[in-house]
Amino acid sequence: MARPEQVLLLEPQHELRFRGPFTDVVTTTLKLANPTDRNVCFKVKTTAPRRYCVRPNSGVIDPGTSINVSVMLQPFDYDPNEKSKHKFMVQSLLAPSDMTDTEGVWKDAKPEDLMDSKLRCVFEMPAENEKTHEMESNKISSSLLKSESSTLSMKSMASSLDDGEVKKIMEECKRLQTEVQRLREENKQIRQEDDGLRMRKSTLMSAPHSSPAVRVKEEVLSTRVIALIVLFFVVGVIVGKLAL
(Lines give C-alpha, C1' and ligand atoms only; values in the text may rest on other atoms or scores of the structure.)
Protein backbone atom coordinates (compact mmCIF):
# COMPACT_ATOMS: atom_id res chain seq x y z
CA MET A 1 0.00 0.00 0.00
CA ALA A 2 1.38 3.42 -0.96
CA ARG A 3 2.18 5.82 1.84
CA PRO A 4 0.12 9.03 2.15
CA GLU A 5 1.50 12.28 0.81
CA GLN A 6 3.54 14.44 3.18
CA VAL A 7 1.32 17.00 4.94
CA LEU A 8 4.19 19.13 6.18
CA LEU A 9 5.58 21.88 3.98
CA LEU A 10 9.38 21.75 3.82
CA GLU A 11 11.68 24.67 3.05
CA PRO A 12 13.93 23.82 1.28
CA GLN A 13 12.06 20.96 -0.35
CA HIS A 14 14.80 18.77 -1.85
CA GLU A 15 18.32 19.87 -0.84
CA LEU A 16 20.17 20.95 2.29
CA ARG A 17 23.08 23.16 1.22
CA PHE A 18 26.16 23.57 3.40
CA ARG A 19 28.61 26.33 2.48
CA GLY A 20 32.26 25.96 3.47
CA PRO A 21 34.94 26.31 4.61
CA PHE A 22 34.28 23.19 6.66
CA THR A 23 36.95 23.81 9.29
CA ASP A 24 34.19 24.82 11.71
CA VAL A 25 30.56 23.85 12.29
CA VAL A 26 28.36 24.83 9.33
CA THR A 27 24.64 25.26 10.05
CA THR A 28 21.68 25.29 7.70
CA THR A 29 18.01 25.66 8.60
CA LEU A 30 15.13 23.41 7.62
CA LYS A 31 11.68 24.93 8.08
CA LEU A 32 8.73 22.62 8.74
CA ALA A 33 5.22 24.11 8.45
CA ASN A 34 1.93 22.45 9.40
CA PRO A 35 -0.93 23.76 7.22
CA THR A 36 -3.46 21.27 8.63
CA ASP A 37 -5.95 21.67 11.48
CA ARG A 38 -4.39 18.82 13.47
CA ASN A 39 -1.20 18.32 15.45
CA VAL A 40 1.56 16.65 13.45
CA CYS A 41 4.42 14.64 14.98
CA PHE A 42 7.74 14.74 13.17
CA LYS A 43 11.22 13.19 13.24
CA VAL A 44 14.35 14.20 11.34
CA LYS A 45 16.73 11.35 10.46
CA THR A 46 20.02 11.18 8.55
CA THR A 47 22.18 8.52 6.95
CA ALA A 48 25.26 9.97 8.71
CA PRO A 49 24.24 10.64 12.33
CA ARG A 50 27.86 11.10 13.50
CA ARG A 51 28.44 13.92 11.04
CA TYR A 52 25.41 16.04 11.93
CA CYS A 53 23.77 17.53 14.99
CA VAL A 54 20.04 18.20 14.56
CA ARG A 55 18.05 20.43 16.94
CA PRO A 56 15.23 19.65 17.44
CA ASN A 57 15.25 16.23 15.83
CA SER A 58 11.65 15.42 16.82
CA GLY A 59 8.55 17.04 18.24
CA VAL A 60 4.99 18.13 17.60
CA ILE A 61 3.90 20.99 15.34
CA ASP A 62 0.63 22.70 16.22
CA PRO A 63 -1.98 23.44 13.53
CA GLY A 64 -1.13 26.43 11.36
CA THR A 65 2.34 26.89 12.85
CA SER A 66 5.90 26.10 11.81
CA ILE A 67 9.23 25.20 13.37
CA ASN A 68 12.86 25.78 12.36
CA VAL A 69 15.20 22.81 12.58
CA SER A 70 18.93 23.58 12.80
CA VAL A 71 21.10 21.06 10.97
CA MET A 72 24.75 21.43 12.03
CA LEU A 73 27.46 19.80 9.94
CA GLN A 74 30.52 18.93 12.02
CA PRO A 75 34.03 19.98 10.80
CA PHE A 76 35.73 17.62 8.33
CA ASP A 77 38.40 17.54 5.60
CA TYR A 78 36.60 18.63 2.45
CA ASP A 79 37.46 16.85 -0.81
CA PRO A 80 35.97 18.61 -3.86
CA ASN A 81 36.25 15.41 -5.90
CA GLU A 82 34.11 13.45 -3.47
CA LYS A 83 30.37 13.79 -3.90
CA SER A 84 28.20 13.85 -0.83
CA LYS A 85 26.07 10.78 -0.31
CA HIS A 86 24.46 12.04 2.87
CA LYS A 87 20.69 12.24 2.96
CA PHE A 88 18.02 13.39 5.38
CA MET A 89 14.49 12.17 5.86
CA VAL A 90 11.63 14.04 7.49
CA GLN A 91 9.10 11.58 8.85
CA SER A 92 5.68 12.68 10.11
CA LEU A 93 2.27 11.41 11.19
CA LEU A 94 -1.01 12.95 12.27
CA ALA A 95 -1.26 12.95 16.04
CA PRO A 96 -4.41 11.46 17.61
CA SER A 97 -6.64 13.87 19.52
CA ASP A 98 -6.11 11.99 22.78
CA MET A 99 -2.29 11.84 22.48
CA THR A 100 -0.44 11.85 25.80
CA ASP A 101 2.84 10.13 24.90
CA THR A 102 4.65 11.06 21.68
CA GLU A 103 6.96 8.04 21.75
CA GLY A 104 3.96 5.80 22.27
CA VAL A 105 2.30 7.29 19.17
CA TRP A 106 5.38 6.50 17.07
CA LYS A 107 5.58 3.01 18.51
CA ASP A 108 1.93 2.22 17.79
CA ALA A 109 1.87 3.87 14.34
CA LYS A 110 1.13 1.72 11.33
CA PRO A 111 3.35 1.92 8.22
CA GLU A 112 0.48 3.34 6.17
CA ASP A 113 0.14 6.24 8.67
CA LEU A 114 3.71 7.41 8.20
CA MET A 115 4.64 10.20 5.76
CA ASP A 116 8.18 11.02 4.74
CA SER A 117 10.20 13.40 2.60
CA LYS A 118 13.83 12.97 1.58
CA LEU A 119 16.49 15.62 1.09
CA ARG A 120 20.04 15.28 -0.15
CA CYS A 121 23.03 17.19 1.18
CA VAL A 122 25.07 19.51 -1.05
CA PHE A 123 28.48 20.91 -0.07
CA GLU A 124 29.67 24.19 -1.56
CA MET A 125 33.13 25.74 -1.24
CA PRO A 126 33.22 29.54 -1.79
CA ALA A 127 35.90 31.34 -3.80
CA GLU A 128 38.90 32.78 -1.94
CA ASN A 129 37.60 36.36 -1.76
CA GLU A 130 34.16 35.18 -0.66
CA LYS A 131 35.79 32.90 1.91
CA THR A 132 37.69 35.80 3.47
CA HIS A 133 34.56 37.96 3.60
CA GLU A 134 32.56 35.15 5.14
CA MET A 135 35.19 34.46 7.80
CA GLU A 136 35.21 38.14 8.76
CA SER A 137 31.40 38.13 8.91
CA ASN A 138 31.49 35.08 11.16
CA LYS A 139 33.98 36.80 13.49
CA ILE A 140 31.80 39.93 13.67
CA SER A 141 28.72 37.82 14.35
CA SER A 142 30.45 35.89 17.12
CA SER A 143 31.69 39.13 18.76
CA LEU A 144 28.19 40.60 18.59
CA LEU A 145 26.75 37.47 20.14
CA LYS A 146 29.30 37.65 22.97
CA SER A 147 28.55 41.31 23.65
CA GLU A 148 24.81 40.66 23.58
CA SER A 149 25.18 37.71 25.95
CA SER A 150 27.29 39.80 28.36
CA THR A 151 24.70 42.61 28.22
CA LEU A 152 21.91 40.16 28.87
CA SER A 153 23.81 38.63 31.78
CA MET A 154 24.32 42.11 33.30
CA LYS A 155 20.61 42.86 32.85
CA SER A 156 19.59 39.57 34.38
CA MET A 157 21.97 40.20 37.30
CA ALA A 158 20.48 43.66 37.82
CA SER A 159 16.92 42.34 37.60
CA SER A 160 17.72 39.67 40.21
CA LEU A 161 18.47 42.39 42.83
CA ASP A 162 15.52 43.53 44.93
CA ASP A 163 14.82 47.15 45.90
CA GLY A 164 16.50 46.77 49.31
CA GLU A 165 19.78 45.59 47.80
CA VAL A 166 19.70 48.36 45.18
CA LYS A 167 19.15 50.94 47.95
CA LYS A 168 22.11 49.56 49.93
CA ILE A 169 24.34 49.74 46.86
CA MET A 170 23.30 53.35 46.18
CA GLU A 171 24.00 54.35 49.81
CA GLU A 172 27.40 52.67 49.66
CA CYS A 173 28.20 54.57 46.45
CA LYS A 174 27.27 57.88 48.09
CA ARG A 175 29.40 57.06 51.14
CA LEU A 176 32.38 56.25 48.94
CA GLN A 177 31.92 59.49 46.99
CA THR A 178 31.88 61.47 50.26
CA GLU A 179 35.03 59.68 51.44
CA VAL A 180 36.78 60.46 48.16
CA GLN A 181 35.83 64.15 48.48
CA ARG A 182 37.16 64.25 52.06
CA LEU A 183 40.45 62.69 51.00
CA ARG A 184 40.76 65.25 48.21
CA GLU A 185 40.28 68.13 50.71
CA GLU A 186 42.88 66.63 53.05
CA ASN A 187 45.31 66.22 50.18
CA LYS A 188 44.75 69.87 49.17
CA GLN A 189 45.38 71.08 52.73
CA ILE A 190 48.56 69.01 53.00
CA ARG A 191 49.80 70.51 49.75
CA GLN A 192 49.13 74.07 51.02
CA GLU A 193 51.00 73.35 54.27
CA ASP A 194 53.87 71.88 52.28
CA ASP A 195 54.01 75.02 50.10
CA GLY A 196 54.11 77.21 53.28
CA LEU A 197 56.97 75.17 54.71
CA ARG A 198 58.92 75.50 51.49
CA MET A 199 58.41 79.30 51.49
CA ARG A 200 59.57 79.64 55.12
CA LYS A 201 62.54 77.43 54.40
CA SER A 202 63.54 79.58 51.41
CA THR A 203 63.16 82.75 53.58
CA LEU A 204 65.43 81.29 56.26
CA MET A 205 67.96 80.24 53.66
CA SER A 206 68.05 83.78 52.21
CA ALA A 207 68.38 85.47 55.68
CA PRO A 208 72.26 85.18 55.99
CA HIS A 209 72.66 87.21 52.81
CA SER A 210 71.00 90.24 54.47
CA SER A 211 72.83 89.95 57.87
CA PRO A 212 75.45 92.74 57.20
CA ALA A 213 72.71 95.32 56.70
CA VAL A 214 71.04 94.15 59.88
CA ARG A 215 74.32 94.46 61.80
CA VAL A 216 74.83 98.06 60.47
CA LYS A 217 71.36 99.01 61.68
CA GLU A 218 72.05 97.50 65.09
CA GLU A 219 75.37 99.44 65.37
CA VAL A 220 73.65 102.74 64.46
CA LEU A 221 70.96 102.13 67.04
CA SER A 222 73.54 101.30 69.76
CA THR A 223 75.52 104.49 68.97
CA ARG A 224 72.42 106.65 69.28
CA VAL A 225 71.57 105.07 72.64
CA ILE A 226 75.07 105.74 73.96
CA ALA A 227 74.91 109.37 72.76
CA LEU A 228 71.59 109.87 74.48
CA ILE A 229 72.94 108.40 77.72
CA VAL A 230 75.97 110.73 77.62
CA LEU A 231 73.67 113.68 76.85
CA PHE A 232 71.41 112.86 79.80
CA PHE A 233 74.49 112.49 82.03
CA VAL A 234 75.85 115.92 81.02
CA VAL A 235 72.44 117.54 81.47
CA GLY A 236 72.18 115.93 84.89
CA VAL A 237 75.58 117.22 85.96
CA ILE A 238 74.74 120.76 84.84
CA VAL A 239 71.35 120.68 86.62
CA GLY A 240 73.11 119.44 89.75
CA LYS A 241 75.61 122.26 89.73
CA LEU A 242 72.92 124.86 89.24
CA ALA A 243 71.01 123.45 92.16
CA LEU A 244 74.02 123.78 94.43
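This is a predicted model: local features need pLDDT of at least 70, side-chain atom pairs count only at pLDDT 80 or more; totals for chains, interfaces and linings use all residues.
Strand 4 (residues 40-46) pairs with strand 8 (residues 87-94). The sense is antiparallel, and the pairing runs over seven bridges. Lys45 has Met89 of strand 8 as its bridge partner.

## Ser92

Strand 8 also holds Ser92. Its relative accessible area is 0%. The cut-off for buried is under 20%, so Ser92 counts as buried.

The Ser92 side chain makes a polar contact with the side chain of Gln6, at 2.4 Å. Leaving out residues up to four places away in sequence, Ser92 touches Gln6, Leu8, Val40, Cys41, Phe42, Trp106, Asp113, Leu114 and Met115.

## Two cis peptide bonds

The Glu11 to Pro12 peptide bond is cis, with omega near 5°. Pro12 sits in the loop between strand 1 (9-11) and strand 2.

The bond from Gly20 to Pro21 is cis, with omega near 5°. Pro21 is placed in the loop between strand 2 and strand 3 (26-33).

## Aromatic pairs

The structure contains eight aromatic pairs. In one of them, Phe18 and Tyr52 are tilted, at 5.6 Å centre to centre and 50° between the planes. Phe18 belongs to strand 2 and Tyr52 to strand 5 (residues 52-55), so this pair ties together parts 34 residues apart in sequence. Both Phe18 and Tyr52 are buried.

Phe22 and Tyr78 form a tilted pair, because their ring centres are 5.1 Å apart and their planes stand at 40°. Phe22 is in the loop between strand 2 and strand 3, and Tyr78 is in the loop between strand 7 (66-73) and strand 8, so the pair ties together parts 56 residues apart in sequence. Phe22 has 3% relative accessibility and counts as buried. Tyr78, at 25%, counts as partly exposed.

## The ring cluster

Ring pairs join Phe18, Phe22, Tyr52, Phe76, Tyr78, Phe88 and Phe123 into a cluster. Arg51 lies over the face of one member, Phe76. The distance from Arg51 to the ring centre is 4.7 Å.

How values were computed. Residues are numbered from 1 along each chain as its sequence is written. Side-chain values use heavy atoms; hydrogens and water are left out. Two strands pair if DSSP finds at least two bridges between them. Helices (H or I, at least four residues) and strands (E, at least two) are DSSP runs, numbered from the N terminus. Buried means under 20% relative accessible area, exposed over 50%, partly exposed in between (1.4 Å probe, protein chains only). A polar contact is a pair of N or O atoms within 3.5 Å; within protein, one must be able to donate a hydrogen and the other to accept it, and residues adjacent in sequence count only if both atoms are side-chain atoms. Contact means heavy atoms within 4.5 Å. Rings of Phe, Tyr and Trp (its six-membered ring) pair if their centres lie within 6.5 Å; planes under 30 degrees apart count as stacked, over 60 as edge-to-face and the rest as tilted. A charge sits over a ring if NZ of Lys or CZ of Arg is within 6 Å of the ring centre and within 35 degrees of the ring normal.
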